[in-house]
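Biologist: I have a structure open here and a few questions about it. Can we go through them one by one?

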Amino acid sequence: MNILFIGPSGSGKGTQSEKLIFKYKMTHLSTGDLFRRHTQKQTDLGKSVIFYTNKGELVPDHITNKMVDDFLNTTCHDESILFDGFPRNLNQAKELASMLKTYSRRLDQVYFFNISVDLLIDRLKGRLWAPVSGKLYHIKTKAPKRIGLCDVSGETLITRADDTEKSIKMRLEIFQKETQPLLEYYDNQNILIQIQAQQEPDQVFDQIDQAYKKQAN
Ligand code: AMP
């Protein structure tokens with residue numbers, strides 16, 4: 001099965017990805033994580049995208065699509081893939097469909113994380129990130145056991161460079177303009193599932209898990 005999580009930053013995609021991957025042993029493709037790893041390591045790709053990622057703007061499609069294509073080329077195609085944060089516009093969605101076709105795959109389900117803007121901003125402002133393990137925390141709702149340190153790797157937690165108020169607003173505007181049209185696109189293919197993402201993480205996971213199991217059986 002191949003599934004996609006669509007939702008604005010802060011809607012809980014990262015947290016739910018961790019849970020789903022743990023339960024079903026899927027391959028996780030988060031373009032945001034891949035870009036962050038490249039910028040941390042200061043690779044050529046990282047240097048070419050930092051201008052966009054720090055501001056919260058979309059990285060140009062030709063760079064993003066190529067990175068995804070490279071990832072798919074080296075992925076074990078026996079496993080289910082969870083696409084998280086890609087595609088984010090119609091051009092990327094069409095590109096993904098054609099990439100998947102070359103591996104005789106298709107998207108089976110698209111989960112839309114529906115959430116209010118106020119709650120989003122609240123969540124993003126307290127978010128902390130562990131660059132090496134990729135784990136996400138929140139100062140109020142998902143605090144690490146030791147202040148400022150990742151529970152898994154012990155590394156120092158940081159605030160993402162794009163979690164500023166200005167960048168958060170910019171990302172929301174881009175989401176509404178570029179990504180929202182994907183909802184109609186996937187609804188027309190009858191693969192769109194609405195998730196009430198304002199609920200507690202375990203309740204959100206139950207919604208996803210039920211829908212996933214229904215499709216998998
Ligand atoms: P995320 O962690 O998903 O919020 O992504 C962080 C940043 O990476 C975004 O603000 C964009 O700059 C970039 N990015 C991630 N996914 C994409 C994508 N599918 N298309 C273009 N840019 C992306």
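Biologist: Is Asp 209 buried or exposed?
Modeller: Asp 209 is buried, at a relative accessible area of 5%. Buried means under 20% relative accessible area, exposed over 50%, and partly exposed in between, with a 1.4 Å probe and protein chains only. This is a predicted model, where local features need pLDDT of at least 70 and side-chain atom pairs count only at pLDDT 80 or more, while totals for chains, interfaces and linings use all residues. Residues are numbered from 1 along each chain as its sequence is written, and side-chain values use heavy atoms, leaving out hydrogens and water.

Biologist: Which helix does Asp 209 lie in?
Modeller: Helix α9, residues 201-216. Helices (H or I, at least four residues) and strands (E, at least two) are DSSP runs, numbered from the N terminus.

Biologist: What does the side chain of Asp 209 make a polar contact with?
Modeller: The side chain of Lys 23, at 2.8 Å. A polar contact is a pair of N or O atoms within 3.5 Å; within protein, one must be able to donate a hydrogen and the other to accept it, and residues adjacent in sequence count only if both atoms are side-chain atoms. Leaving aside neighbours within four places in sequence, Asp 209 is in contact (heavy atoms within 4.5 Å) with Lys 23 and Tyr 24.

Biologist: Now Val 152. Where is its place?
Modeller: Val 152 is in the loop between β6 (136-138) and α7 (165-179). Val 152 counts as exposed, at 58% relative accessibility. Not counting residues up to four places away in sequence, Val 152 touches Lys 135 and Tyr 137.

Biologist: Backbone next. Which peptide bond is cis, with omega near 0°?
Modeller: The one from Phe 86 to Pro 87. Pro 87 lies in the loop between β3 (81-84) and α5 (90-102).

Biologist: What about phi of Asn 190?
Modeller: Phi of Asn 190 is near 60°, a positive value, and the residue is not a glycine. Most residues other than glycine have a negative phi, and most peptide bonds are trans. Asn 190 is exposed, with a relative accessible area of 70%, in the loop between α8 (181-187) and β7 (192-196). Ser 104 also has a positive phi, about 55°, and is exposed at 73%.

Biologist: And the whole protein: how many helices and strands?
Modeller: Nine helices and seven strands. Buried residues make up 47% of the 217 residues.
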